[in-house]
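Morning, everyone. I'd like to take a few minutes to walk you through a structure that may be new to you. Have a look at it first, and then I'll point out some places.

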Amino acid sequence: MNQRTRIAMSEDEVATLLEEGRKLQLATINPDGTPHLVTMFYGLDQGRITFWTYAKSQKARNLSRDPRVSCLVEQGDEYSELRGVLVYGRVTPLGGQEDVLDVGMKVARRMTPGVADDQLRPYVEHTGRKRLAYVVEPDRVVSWDHRRIT
């Protein structure tokens, strides 16, 4: 068995890492073809990555032209501890304000673990008026767990 196969995670392990994570690196494509890379808090909807952003943000403008994204969630500090999931996919914009607020609540819960929903909701409702929400439809998932390297 080659090392790439040995360090790949199972679907359940990928799902667990995505559930445990709080932030991801999101890459969109700028008009000149260069990557636009930002750190984002994210939510999950039936195992799929969701996020929101201001409608006038660079990433929103990029996604309106080209829905392709790469999303990286990783854990670990030392090389021997690194685990990660890289999702290549396309975003689907979520249309209604209720969808935006739903994603906003999922994201806010990750940003502020342990804070009650009734305390988060006013922030989400206020900032949600200027935001768009997306769900990532995965095309390909790559994973690694360097703890398996001996």
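This is a predicted model: local features need pLDDT of at least 70, side-chain atom pairs count only at pLDDT 80 or more; totals for chains, interfaces and linings use all residues.

The largest nonpolar core has 22 residues. Those with the most contacts inside it are Leu-18, Leu-24, Leu-26, Ile-49, Phe-51, Cys-71 and Val-136. Which elements give two or more residues to this core? They are helix H2, residues 11-20, together with E1, E2, E4, H3, E5, E6 and E7. There's also a second, separate core, this one of ten residues, and it includes Val-103, Val-107, Ala-108 and Leu-120. As a general point, nonpolar side chains in soluble globular proteins tend to be buried together.

Let's pick two residues from that first list. Val-136 has its place in strand E7, and it's buried, with a relative accessible area of 1%. Setting aside neighbours within four places in sequence, Val-136 is in contact with several residues, among them Ile-49, Phe-51, Cys-71 and Val-91. Pro-93 is 43 residues from Val-136 in sequence, yet their C-alpha atoms are 8.9 Å apart in space.

Now Phe-51. Again leaving aside neighbours within four places, its contacts include Leu-26, Met-40, Leu-63, Val-103, Val-107 and Val-136. Notice that Val-103 and Val-107 are in that second core.

The structure holds one aromatic pair, and it's Phe-51 with Tyr-134: stacked, 5.2 Å centre to centre, with 25 degrees between the planes. The pair links distant parts of the chain, since Phe-51 is in strand E4 and Tyr-134 is in strand E7, 83 residues apart. Are these two buried or exposed? Both are buried.

While we're talking about rings, have a look at Arg-131. Its charged end sits over the ring of Trp-52, 4.2 Å from the centre. Arg-131 also lies over the face of Tyr-54, at 4.1 Å from that ring's centre.

On to the helices. H3 runs over residues 58-65, and its buried residues are Lys-59, Ala-60, Asn-62 and Leu-63. Why do they line one face of the helix? Look down the axis of H3: the buried residues fall within an arc of 160 degrees, so they line one face. The background is that an α-helix has 3.6 residues a turn, so residues three or four places apart point the same way. What covers the buried residues of H3 includes strands E1, E2, E4, E5, E6 and E7.

Helix H4, residues 97-111, has 15 residues. From first C-alpha to last, H4 reaches 20 Å, close to the expected 21 Å. Its buried residues include Val-100, Leu-101, Val-103 and Val-107, but also Lys-106 and Arg-110.

Beyond its neighbours within four places in sequence, Glu-19 is in contact with Leu-44 and Arg-110. Glu-19 is exposed, with a relative accessible area of 52%; the cut-off for exposed is over 50%.

Last stop: Gln-46, in the loop between strand E3 and E4. Most residues other than glycine have a negative phi. Gln-46 has a positive one, near 50 degrees. At 76% relative accessibility, Gln-46 counts as exposed.

Notes. Residues are numbered from 1 along each chain as its sequence is written. Side-chain values use heavy atoms; hydrogens and water are left out. Buried means under 20% relative accessible area, exposed over 50%, partly exposed in between (1.4 Å probe, protein chains only). Helices (H or I, at least four residues) and strands (E, at least two) are DSSP runs, numbered from the N terminus. The arc is that of the directions from the helix axis to the C-beta atoms. Contact means heavy atoms within 4.5 Å. Rings of Phe, Tyr and Trp (its six-membered ring) pair if their centres lie within 6.5 Å; planes under 30 degrees apart count as stacked, over 60 as edge-to-face and the rest as tilted. A charge sits over a ring if NZ of Lys or CZ of Arg is within 6 Å of the ring centre and within 35 degrees of the ring normal. The expected span of a helix is 1.5 Å times one less than its number of residues. A nonpolar core is a set of buried Ala, Val, Leu, Ile, Met, Phe, Trp, Tyr and Cys residues joined through side-chain atoms within 4.5 Å.
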